[in-house]
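User: I have a protein model open and want to learn to read it. Can we go through some questions together?

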Amino acid sequence: MNRKMIFCISILSLFFFKSLVFAQSLTVHLSNFKSGKVIFYSLSGEKIVRIDSVTSNEDGKIFYQSDPQKFHTGFYRLTFGTNKFLDFIYDGDGVELKTDANNVIDSLRVISSESNKLYYSFIKLNKAYKTKTELLQLILARYPKEDDYYKTTQSKLAQLQNEYIEFVNVSAQKRPQSFISKYVKSAQLPVIDISIPFEKQLTYLKAHALDNIDFNNSLLINSDLFSNKTIEYLTYYRNPQLPLELLEKEFMVAVDSILNKAKVNQLVYQHIVEYLIDGFKKFGFDKVLDYIVENYVIKDDLCLDVKTEGLIKRRIDQARLLKIGNVVPNILISDLWGKQIELNKITAEKTLIVFYASWCPHCKELLPKLNEFYKTQKGNKIEVLAVSLDSKKDDWQNFINSNCQSLINVSDLKGWEGKAAADYFIYATPTMFLVDREKNIISKPMTFEEVKALLKF
């Protein structure tokens, strides 16, 4: 047998051995579940990606031999029935779980898999610790310090904290290099020293709640760690009594604290930025979104997930490509009577380009004000080019008649898909650009008050 053949056999043997080592089994016993389809997903924050599917037998038993090409170390979700799921950790070891399909978490038993036993012990402990300590903190905040019951409560709180710390730092660290040990270390709840007064605890949390998180461990992206800790930290800055503008400023401070720590690892940094963008988009915090885009995505030239598309991508592109001082794209578009209007042929000293839509409530406030302002200006110093994103001519015409007859009104009636909207990366209405005679961007005002200040009206 020549050396080449021996080498090939050795390589094949190695691959065969590796497949035996890493192709581990998952067995789940689901009582009260008839034979049906079960789907596996990988988890990363709040993103889920379908991996595979199997069919359980008539007794609700699910057996799956994991494919090492599809499964990596991290969190996975098994879905079954109607909106039912079970999360588990895959780390190369076999997993066997048993539960009731009608009461998944409370009836769950981990038959084999030390990682999953530790994970579910941690989840249970976290829930109990959070509930008990919050109640004890409330008692301490309201009870007289000189009373014996105050000292008893304080002692009980200290006991709970010591037990929690013991679990995180000792019980969960028997395999310190394992995925679950590193997860628990980073996912632990913040423990506040009992000597810190109740009224100062929020300040303490803002300063120290991120201390135990290992932002340099990119493997933890394959879990809910960074999304959970981000949400947890943002709650310290959430104050329902604040007006929107001040609340957004508070969230910007929180964003800075999180992202400046996350920058230690590019993958973790990008993961958290994407999560923040998605979250603030859902809840309509536009100024926080712009802040993240301008101060992190643009400044650090982040390449976000390809799924971060649509209006968010336009927001990023607009901030990146239409900066102050840049020349804006020419606009060639029809007015209400079909006449072609060209931005580059407008010779006014300054032109305010405003993108709006008839169905936009803020536009209904802004456009009449711009219309009145325009009627008071003298000479050829200012023009207002009002670009509608409407798709129905009647809606557009009715809006003009009621709100802005004096402006240069144009539209291609293609909505968000129109060329001008695409060229200017319009992601929200109203959006304004103030340009000079050469069509350089002077400013991107957001309110009528900013327009008045810029034009010294």
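Predicted model: local features only at pLDDT ≥ 70, side-chain atom pairs only at ≥ 80, totals over all residues.

User: How many residues of helix α6 are buried?

Analyst: Helix α6 spans residues 225-235. Its buried residues include Leu225, Phe226 and Tyr233. Lys229 and Glu232 are buried too.

User: Which residues make the nonpolar surface patch of about 270 Å²?

Analyst: One member, Leu135, lies in helix α2, residues 114-142. The patch of about 270 Å² is made by Leu135, Leu138 and Phe198.

User: How many salt bridges does the count come to?

Analyst: A pair counts when a side-chain nitrogen of Lys or Arg is within 4 Å of a carboxyl oxygen of Asp or Glu. Arg77 and Asp87 qualify, with their closest N and O atoms 2.7 Å apart. By this rule the count is 15.

User: How many residues apart in sequence are the parts that Arg77 and Asp87 tie together?

Analyst: These two form a salt bridge. Arg77 sits in strand β5 (residues 74-80), and Asp87 sits in strand β6 (residues 84-90). So the pair ties together parts whose separation in sequence is 10 residues.

User: Is Asp87 buried or exposed?

Analyst: Buried means under 20% relative accessible area. Asp87 has a value of 12%. Asp87 is therefore buried.

User: What separates Lys117 and Glu114 along helix α2?

Analyst: Their side chains meet in a salt bridge, 3.7 Å from N to O. Lys117 is partly exposed at 33% relative accessible area, while Glu114 is exposed at 54%. The two are 3 residues apart in α2, so their separation is about one helical turn.

User: Where do Glu134 and Lys130 lie, and what separates them?

Analyst: Their side chains also form a salt bridge, at 2.8 Å from N to O. Glu134 is partly exposed at 42%, and Lys130 is partly exposed at 42%. Both lie in helix α2, 4 residues apart, so what separates them is about one helical turn.

User: Which residues do salt bridges with shared partners join into one network?

Analyst: Here the bridges are linked through shared partners. The residues joined into one network are Glu46, Asp278 and Lys282.

User: Which backbone oxygen does the side chain of Asn409 reach at 2.8 Å?

Analyst: Asn409 is in strand β13, residues 408-410. Asn409 counts as buried, at 9% relative accessibility. Its side chain reaches the backbone oxygen of Leu407 at 3.1 Å. The oxygen reached at 2.8 Å belongs to Cys404.

User: Why do the buried residues of α12 line one face of the helix?

Analyst: In helix α12 (residues 393-403), the buried residues are Trp396, Phe399, Ile400 and Asn403. Asn409 touches Trp396 and Ile400, among others. Seen down the axis, the buried residues of α12 line one face because they fall within an arc of 100°.

User: Which exposed residues does the face of α12 turned away from its buried side carry?

Analyst: First take the buried side. Its residues pack against β9 (332-334), β11 (350-356), α11 (361-376), β12 (382-388) and β13. The face turned away carries the exposed residues Asp394 and Ser402.

Terms used. Residues numbered from 1 in each chain as written. Heavy atoms only, no water. Buried < 20%, exposed > 50% of the residue type's maximum accessible area, 1.4 Å probe, protein only. Patch = residues over 30% accessible without salt bridge, like charges linked within 9 Å, V, L, I, M, F, W, Y side chains within 5 Å. Areas by Shrake-Rupley, 256 points an atom, 1.4 Å probe, with all protein chains shown as cover. Polar contact = N/O pair within 3.5 Å; in protein donor to acceptor, adjacent residues only side chain to side chain. Contact = heavy atoms within 4.5 Å. Arc of directions from axis to C-beta. Lists of a residue's contacts leave out its neighbours within four places in sequence.
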